[in-house]
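Please keep the sequence and the coordinates in view while reading.

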Amino acid sequence: MLLQSLLLSAALLTPGQTEITEQQINSMLDHQGLVERNVDMPGLFSAKLTLNHGEVQLGRRQEDVARVIGKGDARLAMGNKAPVDAKVAITFDGKPRYDATTHSLYLDDAKVVSYSMEPKEVQAQYGVMLELMLQNLQQRLVNQPIYRLGAQNKQLLWWRQHLTGVDVEPGKLLLLINKG
């Protein structure tokens, strides 16, 4: 998932490092798949959303908020109509919060800020379908962690044992660590 990069970046840093910059996160986003979401209701509609480019802005528009801008492709179909392809852009905001008891990163107050589809005719015809997909994604972000920090190697284990929280500051994510 797109926001997994926030904490995954932390897992790849040197133990004891105390911040991750937007540039580090965005660089990582360029090297991994972001989001792929499929919805299929036979006879009614089907949709496939693939976000293959993302950008994270930390604390720039609002204190403690991460803004995520995703761009990609959608393939949408209603009923027996032929599928239609579109370019999509989605922006959502949320407050990253790390829960040390579950070793998980949550996105509190997650909300879709805006979305668009090109060509505009596709947005007019299929915008409601995309909106439903995004509402479902938004609900998942509110109720489920976006990343769980595992213990697959020594670095991840170190972070799992020492990371106590995260704070968002303009342009960076501060990693709060237990020094003991």
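Tryptophan 159 has a relative accessible area of 0% and therefore counts as buried; here buried means under 20% relative accessible area, exposed over 50%, and partly exposed in between, with a 1.4 Å probe and protein chains only. The model is a predicted one: local features need pLDDT of at least 70, side-chain atom pairs count only at pLDDT 80 or more, and totals for chains, interfaces and linings use all residues. Residues are numbered from 1 along each chain as its sequence is written, and side-chain values use heavy atoms, with hydrogens and water left out.

The structure holds one aromatic pair. Its two members are tryptophan 158 and tryptophan 159, whose ring centres lie 5.0 Å apart with the planes at 85 degrees, so the pair is edge-to-face. Under the criterion used, rings of Phe, Tyr and Trp (its six-membered ring) pair if their centres lie within 6.5 Å; planes under 30 degrees apart count as stacked, over 60 as edge-to-face and the rest as tilted. Tryptophan 158, at a relative accessible area of 21%, is partly exposed.

Helix α4 spans residues 154-162, and in this helix Leu156, Trp159 and His162 are buried. These three cover an arc of only 145 degrees around the axis, which places them on the same side of α4; the arc is that of the directions from the helix axis to the C-beta atoms. Lys154 and Gln161, on the other side of α4, are exposed. Helices (H or I, at least four residues) and strands (E, at least two) are DSSP runs, numbered from the N terminus. Histidine 162 has a relative accessible area of 14%, and a polar atom of its side chain lies 2.9 Å from the backbone oxygen of tryptophan 158.

The strands come next. Six of them form an open sheet in the order β2-β3-β4-β5-β6-β7, with antiparallel pairing. Because β2 (35-41) and β7 (147-148) stand at the edges with a single partner strand each, one side of each is left without a neighbour in the sheet. Two strands are taken to pair if DSSP finds at least two bridges between them. Strands β3 (residues 45-58) and β4 (residues 66-78) are joined over 13 bridges, and lysine 48 stands opposite arginine 75 in β4. Between β4 and β5 (residues 84-99) there are 11 bridges, and alanine 66 has glycine 94 in β5 as its bridge partner. The hairpin of β4 and β5 has five residues between the strands, and glycine 79 takes a positive phi near 55 degrees there.

Serine 104 belongs to strand β6 (residues 104-118) and stands opposite arginine 148 in β7. This serine 104 is buried, at a relative accessible area of 0%, and a polar atom of its side chain lies 3.0 Å from the backbone oxygen of threonine 102. Apart from neighbours within four places in sequence, serine 104 is in contact (heavy atoms within 4.5 Å) with Arg97, Tyr98, Asp99, Pro145, Tyr147 and Arg148.

Finally, the largest nonpolar core has 41 residues, and Leu49, Leu58, Leu76, Val88, Met117, Leu173 and Leu175 have the most contacts inside it. Helix α3 (residues 120-143) gives the most to this core, with seven residues. Such a core is a set of buried Ala, Val, Leu, Ile, Met, Phe, Trp, Tyr and Cys residues joined through side-chain atoms within 4.5 Å.

Conventions
Polar contact = N/O pair within 3.5 Å; in protein donor to acceptor, adjacent residues only side chain to side chain.
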